[in-house]
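Here is a set of questions and answers on one protein chain. Please look over the structure before reading on.

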Amino acid sequence: MKLIIYGLLLFLAFRLSLHAFEFETISRLKLLSIPVYSILMFFATMRWTSENFFTAFILILAAGFIGWFQTTKSEIKVTDELDRHQRPVILIKKGFPYILGWIALFILGIMMHFFHHASIAIDDIFSEFAHELLKDIAVFTRFSSKDSWYVWALSGVSSMTFTFFLEKKEARLKDILHQGTKNQ
């Protein structure tokens, strides 16, 4: 039975990864709200010991690099269409580096779990994998997630860096993401 569940999880991951090669609409929720929330949760859940501080510093550097790497092959299109707030609709195709970055973040999270708990079972890895897939499928589950501080740090910093470098790639993205709604 476990092999069937593991197989289904891997199939779902494969299906989700295909979306990285298709243009999808950019949302403020994914590019701004979730990263800011993740950073706030990092600060709220972090136990500020010298060991954790050093670990957090290394993770922040790694997550920043991964966030940058994920943007390297991303393509952005600003369309002529307008959203319900009269802002241009922006599309993104994330590409293969985004998937590799997601895998790297997952592996770092598993390594940190092992580092903090001195062991990890295969079932725990697949359970965490399912948890991460669920957070990607149903974005709002991130807000009820009870992740460890290092997961929040990895997620928040990589997402903020991803957004930062996307804004550097497409100047209009910054204006659109940070402007208020236009009243008619």
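This is a predicted model: local features need pLDDT of at least 70, side-chain atom pairs count only at pLDDT 80 or more; totals for chains, interfaces and linings use all residues.

Residues are numbered from 1 along each chain as its sequence is written, and side-chain values use heavy atoms, with hydrogens and water left out.

Q: In what order do the three strands of the open sheet lie?
A: Helices (H or I, at least four residues) and strands (E, at least two) are DSSP runs, numbered from the N terminus. Two strands pair if DSSP finds at least two bridges between them. E1 (residues 24-25) pairs with E3 (residues 88-93) over two bridges, and E2 pairs with E3 over five bridges. The pairing is antiparallel, and the order is E1-E3-E2.

Q: Which strands are the edge strands?
A: An edge strand here pairs on one side only.

Q: Which residue in E3 is the bridge partner of Lys-77?
A: E2 and E3 run antiparallel to each other. For Lys-77, the bridge partner in E3 is Leu-91.

Q: Which residue takes a positive phi in the hairpin of E2 and E3?
A: The hairpin has five residues between the strands. A phi near 65° belongs to Gln-86.

Q: Is Thr-79 buried or exposed?
A: Thr-79 sits in strand E2 (residues 75-82). Buried means under 20% relative accessible area, exposed over 50%, and partly exposed in between (1.4 Å probe, protein chains only). Thr-79 has 18% relative accessibility, so Thr-79 counts as buried.

Q: Which backbone oxygen lies 2.8 Å from a polar atom of the side chain of Thr-79?
A: Contact means heavy atoms within 4.5 Å. Leaving out residues up to four places away in sequence, Thr-79 touches Pro-88, Val-89 and Leu-91. A polar atom of the Thr-79 side chain also lies 3.3 Å from the backbone nitrogen of Glu-81. At 2.8 Å, the backbone oxygen is that of Val-89.

Q: What is the relative accessible area of Thr-71?
A: Thr-71 lies in helix H3. Neighbours within four places aside, Thr-71 is in contact with Phe-162, Phe-165, Leu-166 and Lys-169. Thr-71 is buried because its relative accessible area is 4%.

Q: How many Å apart in space are Thr-71 and Lys-169, C-alpha to C-alpha?
A: The two residues are 98 apart in sequence. In space, the C-alpha to C-alpha distance is 8.6 Å.

Q: What is the relative accessible area of Leu-18?
A: Leu-18 is found in helix H1 (residues 2-18). Leu-18 and Phe-96 are 78 residues apart in sequence and 9.3 Å apart in space, C-alpha to C-alpha. Leu-18 is partly exposed because its relative accessible area is 32%.

Q: Which helices each supply at least two residues of the lining of the second largest pocket?
A: A pocket is an open set of points on a 1 Å grid over the protein atoms alone where a 1.4 Å probe fits, with protein on both sides within 12 Å along at least five of seven lines; lining residues have an atom within 4 Å of a point. The lining includes Glu-51, His-116 and Tyr-150. The helices are H3 (50-71), H4 (96-117) and H6 (149-169).

Conventions. A polar contact is a pair of N or O atoms within 3.5 Å; within protein, one must be able to donate a hydrogen and the other to accept it, and residues adjacent in sequence count only if both atoms are side-chain atoms.
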